[in-house]
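Take a look at the structure first, then work through the topics below.

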Protein chains: 2
Amino acid sequence: MVVAAARLHRGRERRKRGLTLVEGPNAVAAALEAGAGIESMFALASDAIAREIASEGRCAVTWVAPSVLSRIADTEHPRGPVAVLRTPDAAPLTPTDTVVVAGVADPGNTGTLIRSAAAFGFAVVVLPGSADPWAPKVMRSAAGAHFSAPITFGVPVGADDLRAAGLGVVASTPRGGGDPGELGEAPIALLVGSEAHGLPDDVVADADAVVSIETARVESLNAAVAGSILMYERARHRGASR
Amino acid sequence: MVVAAARLHRGRERRKRGLTLVEGPNAVAAALEAGAGIESMFALASDAIAREIASEGRCAVTWVAPSVLSRIADTEHPRGPVAVLRTPDAAPLTPTDTVVVAGVADPGNTGTLIRSAAAFGFAVVVLPGSADPWAPKVMRSAAGAHFSAPITFGVPVGADDLRAAGLGVVASTPRGGGDPGELGEAPIALLVGSEAHGLPDDVVADADAVVSIETARVESLNAAVAGSILMYERARHRGASR
């Protein structure tokens, strides 16, 4: 069982079995609270949260030694628990504000964007070429938010698909774009590009609008920060127009 | 020389010699452009940017094999260059908007906050208990921004020190605080707490104001994202009131 769980660090194994790993008391609690399906759990005998979940009969808990837990966990000295969760099917596109993670390779940045999307009422599209949204490192950065926002993944989604779903295509760039506060009322697909190169030129050229955050003294913001600020700004605007 | 540079991954060695490492073409270029003092550089013979810097006579470049570069670099497969830079002295507190990094242990989050501070015109205080601002991992996340914002580090800075410097003390919390857009004109010290626990209760209780970002569905935002959004909001407000 430990070996089978540890194999979920591989993308192919996750896709084949429809399972992933989430680690740490806060992320596990947040995932369960948001209705994630739990398959099993591994925890240290000293783990109070795991004991609570076990006593509620929510899933089978395997009590393991620290050396065993660290083989399943993503961190070096896990305090556990590590839960095996069922990954939901890819969500269909809907006419609701959506962040499109396009070529964000860093798992921490992809996870942070999913977390911010849940916080600001956005759906998420993770395009191939970004970090796998169900990788344990991404799960860890998102802190359980995967189950609080609909996530589309595993398929290429182009501008035409987004428009067909009723979304205006908005490209984010480090500079030269318009004010993110002036995007109007219709739902948008906000495209966030790679850490090193941003969005490809043809994607920006084909967008319905281009937005930038005004900054001084630095080349660009961190990709997850830029995307999060734009989602924040959008949520604020949504709130103000209600 | 390679051994001496590799030792700069240790905090004690960095402090003793007043040097640190910065890695990658963008971060090195940004640091040099912002006026960072460069001591030496290590690069692959194929590195066009390093050849340009060498031809301009800005510093001595040591041409090394990939296996040697990876001993100095922070990443596994560095494309280089890795520069040895002089760390400036700790900046004094001034009556200008300042972000106070209080117990942010993750180097990526601390670096991202420094990057956003430079982008939004904030000075930075990194308190002991946070990641060392001059650690190579922090340098990498900040993408060269260390030399574009004044940084105070290495000393405990309390609320009274901040007030004596003319700063209003503002605590950020995941919820329950006021609107960050309504902080008035006087310069602030914005306190950002740890990823897991936020700011200590007594620090929040002693602050002149408490602010929160309105979110739904998640426990909290990533610490670097929350701090960056608050700095963004402040910079926007500053711009609007000019």
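This is a predicted model: local features need pLDDT of at least 70, side-chain atom pairs count only at pLDDT 80 or more; totals for chains, interfaces and linings use all residues.

**Two copies and how they meet**

- Through which surface do the copies meet? Of the interface residues of chain B, 100% are also interface residues in chain A, so the copies meet through the same surface.

**Aromatic pairs**

- Over all chains, the count of aromatic pairs comes to 7.
- One of them is a tilted pair in chain A, made by W134(A) and F147(A), with 5.9 Å from centre to centre and 55° between the planes.
- W134(A) sits in the loop between β6 (123-126) and α7 (136-142) of chain A, while F147(A) sits in the loop between α7 and β7 (151-153) of chain A, so this pair ties together parts that are 13 residues apart in sequence.
- Are these two residues buried or exposed? W134(A) is buried, and F147(A) is buried too.
- In chain B, W134(B) and F153(B) form an edge-to-face pair, with 5.7 Å centre to centre and 70° between the planes.
- W134(B) belongs to the loop between β6 (123-126) and α7 (136-142) of chain B and F153(B) to strand β7 (residues 151-153) of chain B, so the pair ties together parts that are 19 residues apart in sequence.
- W134(B) has a relative accessible area of 4%, and buried means under 20%, so W134(B) counts as buried.
- Which residues do ring pairs link into a cluster? The members are F120(A), Y232(A), F120(B) and Y232(B).

**A buried asparagine**

- Helix α6 (residues 107-119) of chain A is the place to look for N109(A).
- With a relative accessible area of 9%, N109(A) is buried.
- What does N109(A) touch, leaving aside residues up to four places away in sequence? The contacts of N109(A) are V104(A), E195(A), N222(A) and A224(A).

**Backbone features worth a look**

Most residues other than glycine have a negative phi, and most peptide bonds are trans. The residues below are set against that background.

- In chain A, G80(A) and P81(A) are joined by a cis peptide bond, with omega about -10°.
- P81(A) lies in the loop between α5 (66-72) and β4 (82-86) of chain A.
- In chain B, the peptide bond from G80(B) to P81(B) is cis, and its omega is near -10°.
- Where is P81(B) found? P81(B) is in the loop between α5 (66-72) and β4 (82-86) of chain B.
- A143(A) is a residue other than glycine with a positive phi, near 55°.
- You can find A143(A) in the loop between α7 and β7 of chain A, and A143(A) is partly exposed, with a relative accessible area of 26%.
- A143(B) has a positive phi near 55° and is a residue other than glycine.
- The loop between α7 and β7 of chain B holds A143(B), which is partly exposed with a relative accessible area of 25%.

Key
Residues are numbered from 1 along each chain as its sequence is written. Chains are lettered from A and ligands numbered from 1 in the order in which they are written. Side-chain values use heavy atoms; hydrogens and water are left out. Contact means heavy atoms within 4.5 Å. Rings of Phe, Tyr and Trp (its six-membered ring) pair if their centres lie within 6.5 Å; planes under 30 degrees apart count as stacked, over 60 as edge-to-face and the rest as tilted. Helices (H or I, at least four residues) and strands (E, at least two) are DSSP runs, numbered from the N terminus. Buried means under 20% relative accessible area, exposed over 50%, partly exposed in between (1.4 Å probe, protein chains only).
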